[in-house]
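Subject: Structure handover

Hello,

The sequence and structure are below. My notes on a few residues follow.

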Amino acid sequence: MASGNVRPCPSCGTKNRVPVSAKGRPRCASCKTDLPWLVDVGDADLAAALDTNQLVLIDLWAPWCGPCRMVAPILEKLAASHAGELKVVKVNVDDAPSAAARFDAQSIPTLVIMRDGQIVERVIGAQPEPVLRRLVDAALNQ
């Protein structure tokens, strides 16, 4: 598992390893609070990351992309505010060409919201936090 999947608990600060895939949802080992589920994956572990009953927001991005870097903190906020409900899966398209092709990421950032393996929303380009929050909230309330 990538070391980037170690996240501090927003409640107590304990560092927790957040799994790419798991039954249920990640919880803090110390205080049992739901953790923001934000993971970095590649082609090899994408299928496992998408195998969840939670709403999934896939971020197809690249480190050289300015708009991608602008969206990243927004996605971290969404993962934190929707801990226990939302899984954010970050896919670097330079390292995961099959994932980029699967989700037709011709422009980045491309954000794909999935429920039960089905795409429910697709957003191309950087969007402000209120827009992304509305999309996530709407998908959670479906």
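The side chains of His82 and Ser81 are joined by a polar contact of 3.0 Å. A polar contact here is a pair of N or O atoms within 3.5 Å; within protein, one must be able to donate a hydrogen and the other to accept it, and residues adjacent in sequence count only if both atoms are side-chain atoms.

This is a predicted model: local features need pLDDT of at least 70, side-chain atom pairs count only at pLDDT 80 or more, and totals for chains, interfaces and linings use all residues. Residues are numbered from 1 along each chain as its sequence is written, and side-chain values use heavy atoms, with hydrogens and water left out.

His82 also makes a side-chain polar contact with Asp137, at 2.8 Å. His82 sits in the loop between helix 2 (66-81) and strand 5 (86-92); helices (H or I, at least four residues) and strands (E, at least two) are DSSP runs, numbered from the N terminus. His82 is buried, at 6% relative accessible area (buried is under 20%, exposed over 50%, partly exposed in between; 1.4 Å probe, protein chains only).

Trp61, in strand 4 (residues 55-61), is buried too, at 19%. Trp61 and Ile108 are 47 residues apart in sequence, yet their C-alpha atoms are 5.7 Å apart.

On the cysteines: there are zero disulfides, a disulfide being a pair of cysteine sulfur atoms within 2.5 Å. The closest cysteine sulfur to that of Cys9 is in Cys31, 3.6 Å away, so too far for a bond. For Cys12 it is the sulfur of Cys28, also too far at 3.6 Å.

Regards
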